[in-house]
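This briefing is for a reader who is new to the structure below. It takes the domains first, then the ligand.

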Amino acid sequence: MSIAQRLARPEILALPPIDIAGAPVPGTIRLDANENPYPALVQGQSALNRYPEPQPADLARRMADLYGVDAQNLWVSRGSDDAIDLLMRAFCTAGRDTVGIVEPTFAAYAQFAQIQGAKVAATRLGADFTFDADEVLRFAQTEQPKILFLCTPNNPTGTRIADAAVERLARALPDTLVVADEAYGEFDEAPSLAPLAASIANLVVLRTLSKAYGLAGARIGCAIAAPDIIGLLAKVSPPYPLPEPSIRAALDALGPERMSAHADRIRLILAERARVATALADVAEIRSIREGGNFLFLEVADPEALAKRLAAAAVRVRFRPNAAPGGVRITIGLPAENAALLAVFGVTDGDRPSRRAEIVRDTKETRIVLAVDLDRPEPRRIDSGIAFYDHMLDQVAAHGGFSLTLACSGDLGIDQHHSIEDVAIALGQALKEALGDKRGIGRFGFAMPMDETSAEVLIDLSGRPFAKFDGGFDSETVGGLPTQMVPHIFRSIADSLGAAIHVRVTGDNDHHKVEACFKAFGRALRQGLAIDGASGALPSTKGML
Ligand code: PMP
């Protein structure tokens, strides 16, 4: 007997699958779903007049790939909240079954259990919020819960439950669904339990795109489990649960070429988490600090007084008195937001505001994610799809002294033009955004020789676009890059950055000349972007740039 047949509500097992029109089939006339035949009156979203796929096959495959399981082991849900609710409805009979939780933990487990009419049995984490697998096993053997929720890393305490402990509990409790909620798994070094959920019949893993992938607004998560459990979740799921724009947004954001941008952001959030924790370490009113997921959990001496100061600074956090007296969960935000939080604790953050910017630019011709950080030389990871252009952009960043990451997938089969131009535009936009109010910058910059070649790039980060290119090339291409695109690249950057860029290049060797233009541009940028002393003055007598 399968796990679903043994543990599910009998009436759900007896229920036929919901009777809805299936996924649209291209080339067929669709008169089976009582939809409106006219396109939706929403720009760019005209297909919204049609129901979405009941379960989005492409997204399910992509998420299965992401989590290292087969698509038959995964149910895409409306956030992982929805997966929690589906599990309750499929397995818990009202008034009879029990749901086990290990407090303090995510409130939705008990909430959805109660909505379903299930009983809630709770045990607590041990001293210092440690997870004691023996104690939880004893608890579960006594209470016999239908579902046992384990959150790792735990919201709000950050406690990590060892994989071996989860596996041991699942194997020791064959009549309980053991659910490992890995909503914050990407912020943790431990490997995911997802592959194990495909092989241990009563283990279920929950994942979400809301945290690490920045898609809380799209409401997409999933349950990973044995296929018969997935089949049951399909049965209790509402029809067409996932809106089409959310499905498309998730597929876009999870493009394989965007994974490194996600990894960079996770690293930034973790670095900020460590920085904020260190900055708070000596604050007298804080009794303890724990790090986990994308948040901190503090115990403070006087939560009411803190609440007043936070309200005055318009900073919102979550007070968690049931987790611990004076318990506060604080999400890690952008550096400037974290600085505002630190200020509430009287810690002044000596750092200047971050000069990082990230541009996402998707058109029918190119899909680009480009990030710069003007105050860090690393990482530099550039993939425009055109190797020589990558090399030139790397020169700009290396000589400019700033971090540049780029993933571009473009219509190179047609021509390189779109990719080259759109990347240049995105680079200009990113530099402009990262410069922010421009206070303290050098603003102007210059020049270099390279063997027989000399290149001079004059730059003024004035806010006014102007481009001048004085020089020419004998060859049509250098390293596969059309030389006629070189002036166009500087023009595109000048336009989107809002800068005057004058390039003058002379020499005999076209390779040297192209390379010298990019290197000199990087050097000029280095001077223009650099913060000049600590004055923070705007380098303009006009008072604006
Ligand atoms: N699990 C945990 C532990 C959470 O903290 C949250 C959200 N705060 C969720 C699940 C639900 O996330 P979502 O529905 O956005 O996937």
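A salt bridge is a side-chain nitrogen of Lys or Arg within 4 Å of a carboxyl oxygen of Asp or Glu. By that rule, 2 salt bridges are counted between domain 2 and domain 3. The model is predicted, so local features need pLDDT of at least 70 and side-chain atom pairs count only at pLDDT 80 or more, while totals for chains, interfaces and linings use all residues. Residues are numbered from 1 along each chain as its sequence is written, and side-chain values use heavy atoms, with hydrogens and water left out.

**Domains**
- The protein chain is assigned domain 1 (3-18 + 54-254), domain 2 (261-344) and domain 3 (356-529); such bounds come from an automatic or database domain assignment.
- Taken over C-alpha atoms, the centres of domain 2 and domain 3 are 39 Å apart.

**Interface of domain 2 and domain 3**
- In contact (heavy atoms within 4.5 Å) are 5 residues of domain 2 and 6 residues of domain 3.
- The buried area, meaning the accessible area (1.4 Å probe) that two parts lose on being put together, summed over both, is about 420 Å² here, with 39% of it on carbon and sulfur atoms.
- On the side of domain 2, Asp264, Arg265 and Leu268 lose the most area to domain 3, together 78% of what that side buries.
- Arg265 also forms a salt bridge with Glu358, where the closest N and O atoms are 2.5 Å apart.

**Ligand**
- The ligand is surrounded by 14 residues (a heavy atom within 4 Å), and the closest are Ser80, Asp181, Thr208, Ser210 and Arg219.
- Ser210 has a polar side-chain atom 2.6 Å from an oxygen atom of the ligand.
- Asp81 has a backbone N or O atom 3.0 Å from an oxygen atom of the ligand.
- Lys211 has a polar side-chain atom 3.0 Å from a nitrogen atom of the ligand.
- On its own the ligand has 400 Å² of accessible area (Shrake-Rupley method with a 1.4 Å probe; for residues, only the protein chains shown count as cover), and the protein covers 91% of that area.

Conventions:
Polar contact = N/O pair within 3.5 Å; in protein donor to acceptor, adjacent residues only side chain to side chain.
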